[in-house]
Amino acid sequence: MNMFATIIRQGLVVLEHELKQMDIGIQDGVITMIAPNIEASAKQEIDATGKYVFPGVVDSHVHFSDPGRAEWEGFVTGSQMMAAGGVTTFIDMPLNGIPSTVTAQYVHDKAQRGLTSSYVDFALWGGLVPGNIGELEGMAKAGVIGFKAFISPSGNEEFEHVDAETLLSGMQEIACLGKVLALHAESAEITTWLTKEKQARQQTTADDYAATRPVEAEVEAVERVLQYAAITGCPLHFVHISSAEAISAIQRAKEKGQDVTLETCPHYLLYSHEALVEKGAVAKCAPPLRTPQQVAALRQCLADGSIDFLASDHSPAPSTLKQGDNFFEMWGGISGGQYTLQAAIELALTLQLPMTEVARWTAQAPAERFGLLQKGKIAISYDADIVMVEMSSFTATQHNFFAKHKESLYMGHRFPCTISTTIVRGAVVYTNGQVHHVQSNWQRPRVPQFEF
């Protein structure tokens with residue numbers, strides 16, 4: 001009788017604190033042995049010689065717009081793209097779909113859609129919006145990993161940003177529920193006033209758009225919400241932080257004992273404002289891409305450990321919404337969820353950091369923060385979520401980009417590495433440019449913490 005369903009042979013395994021050439025034994029979707037040489041047979045053996053073997057990426061920030069706007073990006077194409085990028089678990093945000101995920105019933109409905117469509121595992125965020133504080137407990141019981149709110153307008157009429165009273169009351173309730181609140185932190189007062197000033201003068205270029213969302217707007221919102229959290233005791237997670245100044249404010253709160261984490265996105269570390277000027281709408285996001293000097297400062301924060309982890313903020317839309325000359329009217333959002341791991345490896349090489357840091361940024365830290373306790377590490381009893389990476393160059397093209405819409409800031413970018421194989425709970429879901437759908441029941445997508 002075979003001891004293992006799968007053995008991955010002789011890869012350079014990225015463990016929590018070191019790299020070692022090891023074999024990995026997998027049974028029933030779980031890692032059951034890690035050893036220099038497993039002397040056993042298996043139904044399937046995978047040769048990883050010469051490849052890095054990483055834990056599967058946990059991308060805590062994606063927008064798949066399903067249901068209601070699946071033509072933007074649905075669970076099917078979105079999860080195929082995740083698989084191609086080495087993402088084995090994603091956490092979908094509550095907005096851009098219709099309806100937004102702001103009730104327990106909508107949580108249940110979205111999870112069911114994902115279970116029938118997703119190629120990889122996933123979890124869901126719930127939303128905090130005006131008028132739904134009474135729904136938070138039900139959503140928590142339904143299994144959301146936390147809640148998301150916008151302090152400034154989201155750009156989505158189905159998902160309103162919170163006023164101060166809603167934010168304080170929601171934070172108090174979320175703290176009682178033992179959950180985390182994720183914040184899009186830009187000051188509505190600052191960004192709205194600056195936008196009105198620009199539009200009154202018919203100033204609508206890329207430079208004008210960036211000027212309406214300055215670093216000061218991010219810092220003001222971060223500092224304000226940290227004060228609210230000190231009063232309510234609410235755990236916080238700041239999404240897509242784009243400035244070293246905001247990171248410094250968050251670090252000061254950590255030093256005072258506040259329960260707070262932050263993420264940034266690869267696009268803030270690889271690209272600057274010049275990309276928005278040159279490439280247009282595919283590079284529009286909020287907060288906007290920053291100056292080269294600010295990008296350098298953000299990279300230093302990554303190197304010194306001030307950034308907890310990376311997330312893609314994959315936020316696509318049809319190309320028809322990204323046309324024209326008015327940068328305020330174009331739909332914002334970076335389409336790039338396939339490239340988080342490759343970007344992280346590029347940054348580690350550039351900053352001369354070990355590959356264990358890549359595993360921490362992309363897998364271990366987000367899994368631990370959001371309670372996905374079988375995810376994020378290559379270790380005994382953890383899910384066999386594994387990515388094999390070759391250190392050979394990869395250029396992003398429309399042909400090898402698996403998102404529904406092929407327009408992306410990353411097109412033409414040359415990464416120093418290639419994702420060769422992605423494995424979710426022992427099942428191969430991607431190999432060398434091909435996505436594979438797994439049919440067997442135990443290998444169907446897992447929705448962590450959800451029960452049906």
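N96 is buried, at a relative accessible area of 3% (buried is under 20%, exposed is over 50% and partly exposed is in between, using a 1.4 Å probe and protein chains only). N96 also has a positive phi of about 90° although it isn't a glycine. Bear in mind that this is a predicted model, where local features need pLDDT of at least 70, side-chain atom pairs count only at pLDDT 80 or more, and totals for chains, interfaces and linings use all residues. Residues are numbered from 1 along each chain as its sequence is written, and side-chain values use heavy atoms, leaving out hydrogens and water.

- As background, most residues other than glycine have a negative phi, and most peptide bonds are trans.
- You'll find N96 in the loop between β7 (87-92) and α2 (104-117); helices (H or I, at least four residues) and strands (E, at least two) are DSSP runs, numbered from the N terminus.
- Q10 is another non-glycine with a positive phi, this time about 60°.
- Q10 sits in strand β1 (residues 4-14) and counts as partly exposed, at 23% relative accessibility.
- The peptide bond from D66 to P67 is cis, with omega near 10°, and P67 falls in the loop between β6 (57-62) and α1 (75-84).
- A286 and P287 are also joined by a cis peptide bond, with omega about -5°; P287 belongs to the loop between α10 (273-279) and α11.

**Cysteines**

- Searching the whole structure for disulfides (a pair of cysteine sulfur atoms within 2.5 Å) turns up zero.
- For C234, the closest cysteine sulfur is in C176, 9.6 Å away, and that's too far for a bond.
- C285 is in no disulfide either: its nearest cysteine sulfur, that of C265, is 7.8 Å away.
- Buried or exposed, what is C234? C234 is buried, at 4% relative accessibility.
- C285 is buried too, with a relative accessible area of 6%.

**Helix packing around α12**

- Helix α12 (residues 340-351) packs on helix α13 (residues 355-369) at an angle of about 145°, with the axes 9 Å apart. Axes here are lines fitted to C-alpha atoms, for helices over the stretch in contact, and angles run from 0 to 180 degrees between N-to-C directions.
- On the α12 side, T340, L341, A344, I345, A348 and L349 make the contact, meeting M355, V358, W361 and T362 of α13; contact means heavy atoms within 4.5 Å.
- Those residues split into eight nonpolar, two polar and no charged (Ala, Val, Leu, Ile, Met, Phe, Trp, Tyr, Cys and Pro count as nonpolar, Asp, Glu, Lys and Arg as charged, and the others, Gly among them, as polar).
- Helix α11 (residues 292-303) packs on α12 at about 90°, with axes 11 Å apart.
- The α11 and α12 contact uses R299, L302 and A303 of α11 and L347, T350 and L351 of α12; by class, that's four nonpolar, one polar and one charged.

**I419 and its surroundings**

- I419 is part of strand β18 (residues 418-424) and is buried, with a relative accessible area of 4%.
- Setting aside neighbours within four places in sequence, I419 touches A84, G85, G86, L341, Q342, V387, M388, V389 and Y430.
- I419 and S152 are 267 residues apart in sequence and 36 Å apart in space, C-alpha to C-alpha.
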